[in-house]
Amino acid sequence: MNQTYPRAFSHIGLSVTDLDAAVKFYTEVMGWYLIMQPTTITEDDSAIGVMCSDVFGAGWSSFRIAHLSTGDRVGVEIFEFNAAEKPENNFEYWKTGVFHFCVQDPDVEGLAAKIVAAGGKQRMPVREYYPGEKPYRMVYMEDPFGNIIEIYSHSYELTYSAGAYQ
């Protein structure tokens with residue numbers, strides 16, 4: 001019997017232009033745990049070097065990486081590649097690929113303000129899913145490195161189980 005079951009989310013990888021600044025932002029603003037200090041990975045015959053060559057192809061030379069963890073045990077790998085660059089348009093949502101990730105905080109406005117104070121950007125006003133009915137709020141933000149972060153006040157399941165688009 002081949003039964004499908006929901007897999008757990010393990011981690012996400014983010015590219016940034018400044019690993020040390022990103023570790024500071026994500027530990028101080030988001031409160032995530034640093035579980036592996038920034039480390040340089042080099043293109044060589046080590047197990048990790050070979051794995052990275054499988055992914056990136058030959059000629060990647062080296063990169064820096066740090067590992068963090070959210071309060072609910074989701075991992076966040078932060079990469080700083082050689083000659084890393086922030087794209088001019090970092091919000092090409094119409095193109096295939098991950099265009100944001102979402103965190104949950106009951107104080108949406110407070111976290112949004114902390115992100116802006118740390119060099120990020122608020123991309124829209126805080127909005128309600130069920131105005132006057134339920135206090136479910138959301139906002140799209142941007143970290144100082146161009147990654148798009150959505151903030152929800154309540155869990156994903158609560159937000160959508162009542163049919164948010166009715």
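A salt bridge here is a side-chain nitrogen of Lys or Arg within 4 Å of a carboxyl oxygen of Asp or Glu. Keep that in mind for the tour, and remember as you click around that this is a predicted model.

**Stop 1: the whole chain.** Start zoomed out, with everything shown as a cartoon. The C-alpha atoms fill a box of roughly 60 × 55 × 30 Å along the principal axes. Colour by secondary structure and you'll find four helices and nine strands. Trace them from the N terminus and the order reads β-α-β-α-β-β-β-α-β-β-β-β-α.

**Stop 2: two domains.** Now give 9-83 one colour and 99-165 another: the domain assignment calls these domain 1 and domain 2. Their C-alpha centres are 25 Å from each other. Where they meet, 14 residues of domain 1 are in contact with eleven of domain 2.

**Stop 3: the interface.** About 950 Å² is buried between domain 1 and domain 2, and carbon and sulfur atoms give 78% of that.

**Stop 4: the domain 1 side.** Select β1 (11-15) and α1 (19-28); each supplies at least two residues to the side of domain 1 that touches domain 2. The top contributor to that side is α1, with five residues. Colour the residues on this side by type and you get ten nonpolar, two polar and two charged.

**Stop 5: a salt bridge to finish.** Salt bridges do turn up in the structure, which holds seven of them. For one of these, show the side chains of Asp-20 and Arg-64, whose closest N and O atoms are 3.1 Å apart. Why is this pair worth a look? Asp-20 lies in helix α1 and Arg-64 in strand β3 (residues 62-69), so the bridge ties together parts that are 44 residues apart in sequence.

Note on methods: Residues numbered from 1 in each chain as written. Predicted model: local features only at pLDDT ≥ 70, side-chain atom pairs only at ≥ 80, totals over all residues. Heavy atoms only, no water. Domains from an automatic or database assignment. Contact = heavy atoms within 4.5 Å. Buried area = accessible area lost by both parts, 1.4 Å probe. Nonpolar A, V, L, I, M, F, W, Y, C, P; charged D, E, K, R; others polar.
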